[in-house]
Amino acid sequence: MIAAPAAALPLLLAAPAAGAAPNEPPPPAAVGGERLGLPGVQVSPLAGAPALPGDLTGQSWIVADAASGEVLATSNPHLRLAPASTLKILFADTVLPKFDRNTVHKVADAEIQGIGPGSSLVGIKEDLEYRVEDLWRGVFLSSGNDAVHVLAHMNGGVQQTVAEMQARAEALQARDTKVVSPDGYDSDGQVSSAYDLTLFARAGLRNPDFRTYCATRDAVFPGAVDKNTGQRGSFGIANTDRLLGKYPGLIGVKNGFTTNAGSTFVGAAERDGRTLLVTVMHPSTYQKVYDETAALLDWGFAASGKVTPVGRLVEEGETAAPVPTGQAGGAAGAPAPPPHPSPTATATAAPVAHAATDGGGDGLGPVGWIVVAVALTAGGAGGLLLLNRRRAAAG
């Protein structure tokens with residue numbers, strides 16, 4: 001009963017090669033290094049290295065040095081999973097450089113239509129003006145899909161923005177990412193990986209505005225106009241990142257949750273002049289995405305100089321074989337360049353069907369939230385794919 005499947009395994013693994021066309025090229029090497037394409041935990045401890053946390057449940061995670069790009073430890077970093085709102089990091093990488101933060105935009109009703117049911121919202125109202133910096137606070141703090149849609153319409157429309165995000169990912173050679181929705185709302189076929197999300201975060205942190213927004217703990221957001229007084233109100237919003245302000249040295253970045261995608265988190269923290277990036281995808285429960293991120297950050301700082309890197313975060317523009325490369329940003333410390341020149345005026349796309357609804361968000365508690373995920377082997381290095389379902393609240 002046990003020996004038969006074990007004996008058949010080499011045949012199963014060999015089948016794709018046997019059926020390949022004579023001139024078919026071999027599968028590409030894993031981006032970032034050969035070990036990043038291997039399944040399971042990859043770490044190379046030296047003498048005195050601390051042990052990795054023993055209770056990690058994330059299906060995929062990575063610990064990397066933001067400056068050098070060295071990957072200190074990882075598990076299934078190229079596993080393709082639903083990203084939830086951590087995909088907003090790529091949205092910001094793509095769109096944030098295009099508009100001056102002080103630009104004022106009047107929101108048309110069509111710009112806040114077509115938002116997925118149950119989406120997290122910051123509370124944007126039609127026919128009111130908002131500064132671009134307010135919209136970005138809505139994206140980063142409240143994970144507001146309404147703010148994403150307004151900015152996407154300013155950028156030429158949702159579909160154009162999706163295409164530009166995909167082009168940006170390809171330019172970075174983030175090969176695991178397929179963009180379907182700009183806000184991370186659960187969509188058929190939409191996937192990313194811990195490795196790609198870490199590339200996006202590293203790129204974003206090179207943009208001072210990105211760094212400011214993701215590190216902001218709370219802000220005042222423009223509200224509606226009082227019908228009696230004619231005065232416009234405001235209300236407070238708080239960052240849904242549960243580690244921000246609690247984990248020492250945390251810079252921020254982005255959290256995400258949907259009922260179908262489960263929990264995702266990308267965090268950056270600085271200690272003693274060193275910045276680490278940690279991404280955790282799809283742990284067993286909602287709260288564990290924060291607990292495991294904090295534990296991996298602790299390990300990464302303690303392991304400084306005590307591990308041999310198992311791979312690296314590739315830089316944008318690399319062409320050297322055998323790694324297919326791709327990391328965003330210009331020179332060190334410089335903002336990531338926009339995918340194309342900034343427009344001189346904003347544009348409003350045609351109305352999108354379906355009305356937006358309230359509800360959902362990253363700030364919900366962990367009670368009753370369980371990751372629903374199914375991993376299927378798709379073949380090739382890092383070829384695991386999570387098939388997610390639609391109809392979920394955006395995180």
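Q: What makes up the secondary structure of the protein chain in this predicted model?
A: The chain comprises eight helices and 14 strands. The model is a predicted one.

Q: What share of the 395 residues of the protein chain counts as buried?
A: Buried residues make up 51% of the 395. The accessible surface of the chain is about 16,700 Å², and carbon and sulfur atoms hold 57% of that area.

Q: What share of the contacts with a separation of 6 or more joins residues 24 or more positions apart?
A: Such pairs account for 71% of those contacts in the protein chain.

Q: Why is Asn207 called buried?
A: Buried means under 20% relative accessible area. Asn207 has 8% relative accessibility, and therefore counts as buried. Asn207 lies in the loop between helix H6 (194–204) and H7.

Q: How do you know that the side chain of Asn207 makes a polar contact with the backbone nitrogen of Asp209?
A: The distance from the side chain of Asn207 to the backbone nitrogen of Asp209 is 2.9 Å.

Q: What makes helix H3 (residues 132–140) mostly covered?
A: Eight of the nine residues of H3 are buried. They are Val132, Glu133, Asp134, Leu135, Trp136, Gly138, Val139 and Phe140.

Q: Which elements cover the buried residues of H3?
A: The cover includes the helices H2 (88–95), H4 (145–154) and H7 (208–215). Strands S5 (129–131), S6 (218–225) and S8 (250–258) are also among the covering elements.

Notes
Residues are numbered from 1 along each chain as its sequence is written. This is a predicted model: local features need pLDDT of at least 70, side-chain atom pairs count only at pLDDT 80 or more; totals for chains, interfaces and linings use all residues. Side-chain values use heavy atoms; hydrogens and water are left out. Buried means under 20% relative accessible area, exposed over 50%, partly exposed in between (1.4 Å probe, protein chains only). Helices (H or I, at least four residues) and strands (E, at least two) are DSSP runs, numbered from the N terminus. Contact means heavy atoms within 4.5 Å. Accessible areas come from the Shrake-Rupley method with a 1.4 Å probe; for residues, only the protein chains shown count as cover. A polar contact is a pair of N or O atoms within 3.5 Å; within protein, one must be able to donate a hydrogen and the other to accept it, and residues adjacent in sequence count only if both atoms are side-chain atoms.
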